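Biologist: Please put the structure up, and then we can go through it by question and answer.

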Amino acid sequence: MRILKPLSLLFSFALLANCIHAQPKPSSPQLAWHNMEYYFFFHFGPNTFTDLEWGHGTEPADMFNPTELDCRQWVRTAKAAGAKGVIITAKHHDGFCLWPSKYSTHTVRESKWKDGKGDVLKELSAACKEYGLKFGVYLSPWDRNHPDYGTDKYNEVYVNTMKELFSNYGPIWEFWWDGANGEGPNGKMQVYDWALFKKTIKELSPNTVVFSDIGPHIRWVGNESGIAGTTNWNTLDTAGFTPGKGSPSRDTLTAGNKYGKVWIPAECDVSIRPGWFYHEAEDSKVRTPENLFDLWLKSVGRGSNLLLNIPPDRRGKIHPNDSLALVGFSNLRDRAFKNDLLSGRKLYYKIDNRGNGRADGSVFIPKDKKSEFNKVPVLKNEQMISFSKPQNINCIVLNERIANGQTITGFRIVFINGDDRSEITGTTIGHKRILSFPVTTAKSIEIYLTDMQNRDNLKTVSAYLIDESLIEKQ
Ligand code: FUL
C-alpha cells in the first residue's frame, strides 16, 4: 500500500495533465500574419516568356527579357486592391533566379534584360518599402537547373541562397517553401534537409513566418482553389510528417486538427487566372470581381488568409484585365462591409438568474457592465444583442480572440423577430468567420458558443445586409 499510494497519485496527476489540454497559441509574428488577411502572389520568370507552367531548367537565360518591368506598378495595384503584402517567385522549379545569385549560373545576370545588370528582387523589395507593403519570397526547393540538385551539396546551396535573400532584400515577412519535388538535371531527386532550412531562417530572421505544407508557421490549405474548410482549426499535428509527399492528407490540411499540438494556420493560395504564370491566351479568363468576392468569403471568411496570385505579363506589368477585376473586387468588399448594423449596439451576457426565482434564467446584462453583477453567475457563452426595430440581415461576421488560442468549437446564432425564430450553426471561428445566408429579419440576435474554456473568447460580432447576388454561390 505504501508503495501504491504515491504511484496512484502520480497516475492521477498524469491523467489530469492529459485532460487539461495545453492550448496552443499564435506567436506574435503569427498573430501579425493573421491580421494581414490578404496579399498578392507574383509568379514571374522564364515561364512568363515561354508560356510554360513548369520550366525545364534548360531555357536560355535570354528568354527572360521584360520590356517595361515596373515593380512599383505591381505594388501600387496591390495597395489599391487592399492587399497588405506580396510574395514573389524569386526562383521557381526551373531554377532561374530573379536576382544575381552567386550560387547559380542561371539568373538575371545571364539574361539580356538590362544588360545583365537588372535585379527584380531589388526593385520589388524597394517598391514594397516605398508603399508600406510587406515583402515575401517563394524560393522553390525543387530546382531543375542546378547541377548539384540531388546531392547533399544542394542543401548547402539552398541555404546559401536563403542567406543572400535575407541579407540583401530583407526584412522578409513570409518565406514560402513549395512542396513540389521532382527530378533535377541529373535525374536525381533531392532529400531536403528541412531541419537545416528551418534553423537557417530562425537564426537569420526569427520573425519571418515560414510556409510549407506543414509549416513550421503557416500550412497549405490542401487545395489550390483558394477554399478553406468550413471547419478550420488553426492547429495541426506534424509529428512524423514532412512537407511534400510526406505531408498529412489534403483533408487534414484543409480542416487542421481539432486538438492539434502546434499553431499552424492555413493559407489559401489561388490564381486570378487558370495558370500561375502569365499566358496571353488567358487574358479573357481572369476571375470576375464577384468570383473574387466569393473567394474572399471562402478563404478569409473561414479564418484563413488569401494569397491571390496576379501574374505580371511579358512587359513586366500587371495586365489591365487583372487590374480591372481587382478594382471591382475591392469596391464590392468596401460596399458589402461598410455598414455594420450592430455598430454602437450593446452586447449582453446571459445571466443565470434561476436563484432569483426565474425558471429559465433568460435575463441579460450588458457585457461592459458585468462587474456590477458579480453576485450572479454570468454565462459568457450566451450573448445577446437587440435592435430598436427589426432589421434585415444576411451576413454575420465573428472574430475570435485568437491570442488566447482557438477555443470556440461550435456556435449557434438565433435570429428572433416576435414569434419567428431562425438559426445558423457552425463549428470554428478563428481570426474571422463570415457567415452569409438568405435574408432574415431580426429584432434581436442570440449567440450561443460551445467551449470557450471559461473565457469570453468572442472578440467582435458584426452584421450586414449585403448585395444578395453576392451570396448566392455560398
Ligand atoms: C505549386 C507549384 O508547382 C506551382 O507551379 C505554383 O508555384 C504553386 C503555387 O505551387 O506547388
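This is a predicted model: local features need pLDDT of at least 70, side-chain atom pairs count only at pLDDT 80 or more; totals for chains, interfaces and linings use all residues.

Biologist: How do the residues of the shell around the ligand divide into nonpolar, polar and charged?
Modeller: The ligand is surrounded by Phe 41, His 43, Trp 54, His 92, His 93, Tyr 138, Asp 178, Glu 224, Asp 269 and Trp 276. Tyr counts as nonpolar in this scheme. The shell then divides into four nonpolar, three polar and three charged residues.

Biologist: What distance separates an oxygen atom of the ligand from a polar side-chain atom of His 43?
Modeller: A polar contact here is a pair of N or O atoms within 3.5 Å. For Tyr 138, a polar side-chain atom lies 3.3 Å from a ligand oxygen atom. An N or O atom in the side chain of His 92 is 2.9 Å from an oxygen atom of the ligand. For a polar side-chain atom of His 43, the distance to a ligand oxygen atom is 2.7 Å.

Biologist: How much of the accessible area of the ligand does the protein cover?
Modeller: On its own the ligand has 290 Å² of accessible area. Of this, the protein covers 90%.

Biologist: Over how many bridges do strand 13 and strand 16 pair?
Modeller: Strand 13 spans residues 378-400, and strand 16 spans residues 433-450. Within this pair, Ile 393 stands opposite Thr 440. The two strands run antiparallel, and the number of bridges is twelve.

Biologist: Which residue of strand 17 stands opposite Cys 395?
Modeller: Strand 17 covers residues 458-464 and is joined to strand 13 by six bridges in the antiparallel sense. Opposite Cys 395 stands Tyr 464.

Biologist: Which residue in strand 13 does Lys 350 face across the pairing?
Modeller: Strand 11, residues 348-351, pairs with strand 13 in the antiparallel sense over four bridges. The residue opposite Lys 350 is Leu 379.

Biologist: What is omega for the cis peptide bond that joins Gly 215 and Pro 216?
Modeller: Gly 170 and Pro 171 are also joined by a cis peptide bond, with omega about 0 degrees; Pro 171 is in the loop between helix 6 and strand 4. Pro 216 is in the loop between strand 5 and strand 6. For the bond from Gly 215 to Pro 216, omega is about 25 degrees.

Biologist: Where does Glu 37 lie?
Modeller: Glu 37 is a residue other than glycine with a positive phi, near 60 degrees. Its place is the loop between helix 2 (28-36) and strand 1 (38-42).

Conventions. Residues are numbered from 1 along each chain as its sequence is written. Side-chain values use heavy atoms; hydrogens and water are left out. Two strands pair if DSSP finds at least two bridges between them. A residue is near a molecule or strand if one of its heavy atoms lies within 4 Å of it. A polar contact is a pair of N or O atoms within 3.5 Å; within protein, one must be able to donate a hydrogen and the other to accept it, and residues adjacent in sequence count only if both atoms are side-chain atoms. Accessible areas come from the Shrake-Rupley method with a 1.4 Å probe; for residues, only the protein chains shown count as cover.
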